[in-house]
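Here's a quick briefing to read with the model open.

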Amino acid sequence: MRKNLLIMAAILAVAGCRQTTDKEQYDRVAEELGKVNANLAALNESAARQAKAMETTGRREVVSRPVVETIRRREVVVPPTADLSGIKALPQNPTEEQITEYLTVIRMSLLGNRGVSVEDVRVDLYRKIGPGHLKTVLPFIDKPGDYANRDFMLRTALPDLIGEADKPVLKENIEFYPQLAVVAIRKGWGEEFKEQIFACLDRGHDNLLQYEIYAIVSTPEDRRKIVETYQTGKNVSRLYGMICLFPEINLKEINDLAWTKQRKYQEWRVYAARAASTGNIEALEELINGQWPRNLNYDYPRDETNPILIKVTGQPLDADKLCKWYAANKDKLYFDAREGRFKVRD
């Protein structure tokens, strides 16, 4: 950039020399040269600061610090500073219309604010509504697939907004709102609403329910449903940890069928890795060769597939080396179930 500025300065100087009798042209050239000199001074100052920083901290630290600071700012969410003065306190026994207005004003205070925190003052404002009004609160809870995260603080307060009187509304809506299913389980109502909770799980999308539902899985039929959902559902791969704890299961059969059903969908890589871990060589091949472009900057995704790939192949996690290893040995590979690894026949 500095070189370009110098070239520009030279051109402007020449242009000015050709019309030295034209005072207006001369003044314009002088003004442009002044701007060039100012830019050069700014560049010199910036370069000096970078050089000094590199001498004391090293190039790697200077480059990475702004990124780290950005990440930290995202992790440590400062409670929003929106104006909440327009939120009027609810009366002793509010009507549903008053609650709706109250919820609307709180929701409006979130506009333009991406920050969310369990310590936000709005969590306590939501809690003031109390139980018995779930039908009114429900439209303000986002359904799965809505990633605006506008209801985070409302979901945080939700356990305090649901009581015995809300059970009829709860039963009708659990299937469509995983947040309600989680609250029901935590309140000890899981058995009472088991049918609706399992129906909600079948719809996928919610990670937390996939962990919480283990509390109500108590019969062979429950376990069969969980395995079936894992094999055929969408976005339900987190059920696997629970399935591995089930008694008397054939994990290889479960993994092979799950991989067959899931190989064309979003979580195919995780299912492939798990099938490979129990000896499915077809899954291993697709996991290694993959469906993504390979280049010098390529790295395998940082998920559970990494340790599985290393274990089942005995190879370092390098895309090109793994591809070459597999191509050279695929006809001689066999699975050692005891060691959980593919080996090459002599």
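Strands β1 (residues 333-336) and β2 (residues 341-344) run antiparallel and are joined by 4 bridges. Strands count as paired when DSSP finds at least two bridges between them; helices (H or I, at least four residues) and strands (E, at least two) are DSSP runs, numbered from the N terminus. This is a predicted model, so local features need pLDDT of at least 70 and side-chain atom pairs pLDDT 80 or more, while totals for chains, interfaces and linings use all residues. Residues are numbered from 1 along each chain as its sequence is written, and side-chain values use heavy atoms, with hydrogens and water left out.

**The hairpin**
- β1 and β2 make a hairpin with 4 residues between them, and Gly340 in the turn has a positive phi of about 65 degrees.
- Tyr334 stands opposite Lys343 in β2.

**Rings and charges**
- There are 3 aromatic pairs, counting rings of Phe, Tyr and Trp (its six-membered ring) with centres within 6.5 Å; planes under 30 degrees apart are stacked, over 60 edge-to-face and the rest tilted.
- Tyr230, Tyr240 and Tyr271 are linked into a cluster by ring pairs.
- Lys234 lies over the face of Tyr265, 4.1 Å from the ring centre; the rule is NZ of Lys or CZ of Arg within 6 Å of the centre and within 35 degrees of the ring normal.
- The charged end of Lys225 sits over the Phe198 ring, 5.5 Å from its centre.

**Lys167**
- Lys167 belongs to helix α8 (residues 167-173).
- Lys167 counts as buried because its relative accessible area is 15%; buried is under 20%, exposed over 50% and partly exposed in between (1.4 Å probe, protein chains only).
- Beyond neighbours within four places in sequence, Lys167 contacts Trp189, Glu192 and Phe193, where contact means heavy atoms within 4.5 Å.
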